[in-house]
Amino acid sequence: MDAPLTDGTVTLAPLGTADFEAHYAGEDADMVRWLSGRPSTPAALRAYLELCERQWTEAGPLRNFGIRVPDLAGTMDVQVAQPYLAPGQANLAYGLYPRWRGRGLATRAVRLACAYAASLGCTEAVIRCERPNTASAAVALRAGFTFRQQRSEPDGTLLDWYTRPLRP
């Protein structure tokens, strides 16, 4: 990525090892429940952030951004070429740290991530969330997504799928 994506309020820039302290301090029970599935350990978080850097360097299918305002306020993942996605789809996954929630930042970050996914040639963005995660569903709707379906994951979890067409 040549330059960070910004709308003047939110900036998406690659997530990496320099974000360790802010991310470790920002993670809370909601991020664990809805996004990562387990609390980070220092070793696991360092490994994850190193993976994020490698994905950017190698142009891998997982592009992990820091949501910055300018401080790190959360994370935004753009995932392509995943087994659960149709060709041309990009999955978006995001989480904000507690002090940044309720300010419209996630919606802004999703819109920027959609522009990025379109620049990769994706034609549709997908947000998948569990039905009780009403905050993520509300972000999807505010960002122009529509409810498409509910699908069962291999582990039996039911996820609501929201989609939005993308234009280059």
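Reader: What is the strand order of the open sheet, and how is the pairing described?
Author: In this predicted model, the open sheet has eight strands in the order 1-2-3-4-5-6-8-7, and the pairing is mixed.

Reader: Which strands are at the edges?
Author: Strand 1 (5-6) and strand 7 (146-152) are the edge strands, each pairing on one side only.

Reader: Do strand 1 and strand 2 run parallel or antiparallel, and how many bridges join them?
Author: They run antiparallel, and two bridges join strand 1 to strand 2 (residues 11-14). Across this pair, Leu5 stands opposite Leu12 of strand 2.

Reader: Which strands does helix 4 touch as it packs on the sheet?
Author: Helix 4 touches strands 1 and 2, strand 3 (62-68), strand 4 (72-80), strand 5, strand 6 and strand 8. The direction of helix 4 makes about 155 degrees with that of strand 5.

Reader: Turning to helix 5, which residues are buried?
Author: Within helix 5 (residues 134-142), the buried residues are Ser136, Ala137, Val139 and Ala140.

Reader: Why are they on the same side of helix 5?
Author: Because they cover an arc of only 155 degrees around the axis, these residues lie on the same side of helix 5. In general, an α-helix has 3.6 residues a turn, so residues three or four places apart point the same way.

Reader: And what is exposed on the other side?
Author: Thr134 and Ala135 are exposed there, on the other side of helix 5.

Reader: What do the buried residues of helix 5 pack against?
Author: Their partners are strand 5 (89-96), helix 4 (105-119), strand 6 (124-129) and strand 8 (158-165).

Reader: Which residue follows helix 5, and is its phi positive or negative?
Author: Gly144 follows helix 5, with a positive phi near 95 degrees.

How values were computed
Residues are numbered from 1 along each chain as its sequence is written. This is a predicted model: local features need pLDDT of at least 70, side-chain atom pairs count only at pLDDT 80 or more; totals for chains, interfaces and linings use all residues. Side-chain values use heavy atoms; hydrogens and water are left out. Buried means under 20% relative accessible area, exposed over 50%, partly exposed in between (1.4 Å probe, protein chains only). Helices (H or I, at least four residues) and strands (E, at least two) are DSSP runs, numbered from the N terminus. The arc is that of the directions from the helix axis to the C-beta atoms. Contact means heavy atoms within 4.5 Å. Two strands pair if DSSP finds at least two bridges between them. Axes are lines fitted to C-alpha atoms, for helices over the stretch in contact, and angles run from 0 to 180 degrees between N-to-C directions.
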